[in-house]
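Hi,

Here is the structure I promised to pass on.

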Amino acid sequence: MEEEIEKLEIKVSYLESQCDELNNVIIDQEKTITLLEKRIESLEKKVADLIEVSGEARPNRRPPHY
């Protein structure tokens with residue numbers, strides 16, 4: 001009986017460690033997502049500013065070298 005309890009305690013300890021590691025991964029991913037969302041927002045603003053300056057969206061044309 002003692003051996004079974006010890007095995008269960010080891011498993012619980014391992015699972016707690018895994019949960020902590022996964023939580024840290026999630027925290028890092030949230031930071032990355034937030035940073036990427038800010039970059040996308042910045043790029044969208046730059047594109048909107050460029051469209052405003054040019055007066056209209058640039059048409060899709062083939063470059064002259066085709």
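This is a predicted model: local features need pLDDT of at least 70, side-chain atom pairs count only at pLDDT 80 or more; totals for chains, interfaces and linings use all residues.

Below is what turned up when I went through it.

Residues are numbered from 1 along each chain as its sequence is written, and side-chain values use heavy atoms, with hydrogens and water left out.

Helix 1 covers residues 2-54, 53 residues in total (helices are DSSP runs of H or I, at least four residues, numbered from the N terminus). From first C-alpha to last it reaches 78 Å, close to the 78 Å expected at 1.5 Å a residue (the expected span being 1.5 Å times one less than the number of residues). Just after helix 1 comes G55, with a positive phi of about 95 degrees.

Now the charges. Searching the whole structure gives 2 salt bridges (a side-chain nitrogen of Lys or Arg within 4 Å of a carboxyl oxygen of Asp or Glu).

One pairs E3 with K7, with the closest N and O atoms 3.7 Å apart. Both sit in helix 1, 4 residues apart, or about one turn of the helix. E3 counts as exposed at 54% relative accessibility, while K7 is partly exposed at 49% (buried is under 20% relative accessible area, exposed over 50%, partly exposed in between, using a 1.4 Å probe and protein chains only).

The other joins D49 to K45, closest N and O atoms 3.2 Å apart. These two also lie in helix 1, 4 residues apart. D49 is partly exposed at 34%, and K45 is exposed at 53%.

Cheers
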